[in-house]
Amino acid sequence: MPRPSGKILVARNKKAHHDYNLHERFEAGLVLTGTEVKSLRAGRASLVDAFVSVDDQEVWMRNANIPEYSFGTWRKSHESRRVRKLLLHKKEIAKLRRETEASGKTIVPLSIYFLDGYAKVEIAIATGKKDWDKRQTLAKRDADREAQRALSARNRGR
């Protein structure tokens with residue numbers, strides 16, 4: 001049976017865009033068990049509290065919630081919040097390690113998706129936003145939205 005081609009989005013971490021200033025992004029492979037893949041294909045995953053850490057030249061995603069597969073047997077099912085290994089090149093791992101050792105930087109997962117049949121996760125190096133940064137971002141977005149509405153209303157008037 002041929003694998004589906006293209007990008008199929010499973011889960012997004014919308015809160016990451018609100019809580020962090022995102023810098024460089026990476027695409028990593030995701031090591032999963034069989035029931036985790038079936039659960040992801042059913043569209044069930046959450047990245048709300050998830051974060052990524054670099055330990056001993058390996059990258060791990062923690063607190064990502066992939067619920068148990070409902071049709072799996074009791075013996076073959078997986079833990080929903082287990083630690084999952086991410087697959088990256090050595091140079092990318094070294095860069096992530098250097099960046100996170102700098103103060104105030106962390107790695108956050110942005111989305112889980114299937115790319116040509118393989119499970120992938122998009123991660124980014126990020127710095128946390130302060131409350132006033134979040135309010136400023138929301139105000140800027142609202143102002144841009146109002147300007148776009150005014151412009152489209154003006155163009156419709158012609």
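Colleague: How far apart do the centres of the positive and negative side chains lie in the protein chain?
Modeller: This is a predicted model, where local features need pLDDT of at least 70, side-chain atom pairs need 80 or more, and totals for chains, interfaces and linings use all residues. Residues are numbered from 1 along each chain as written, and side-chain values use heavy atoms, leaving out hydrogens and water. The protein chain has 34 positive side chains (Lys, Arg) and 20 negative ones (Asp, Glu; no His or chain ends). With charges placed at NZ, CZ, CG or CD respectively, the two centres are separated by 5 Å.

Colleague: In what order do the elements of the protein chain run?
Modeller: There are four helices and seven strands in the protein chain, as DSSP runs (helices H or I, at least four residues; strands E, at least two). From the N terminus, the order is β-α-β-α-β-β-β-α-β-β-α.

Colleague: What radius of gyration does the protein chain have?
Modeller: Its C-alpha atoms fill a box of roughly 65 × 40 × 25 Å along the principal axes. For 158 residues, a compact globule would come near 15 Å (C-alpha rule: 2.2 Å times residue number to the power 0.38). The protein chain itself has 19 Å.

Colleague: Which loop holds glutamine 57?
Modeller: Glutamine 57 isn't a glycine, yet its phi is positive, near 60°. You'll find glutamine 57 in the loop between strand E3 (51–55) and strand E4 (58–62).

Colleague: Does aspartate 116 count as buried, exposed or partly exposed?
Modeller: Aspartate 116 also isn't a glycine and has a positive phi of about 55°. Aspartate 116 sits in the loop between strand E6 (105–115) and strand E7 (118–128). Buried means under 20% relative accessible area and exposed over 50% (1.4 Å probe, protein chains only), so at 41% aspartate 116 counts as partly exposed.
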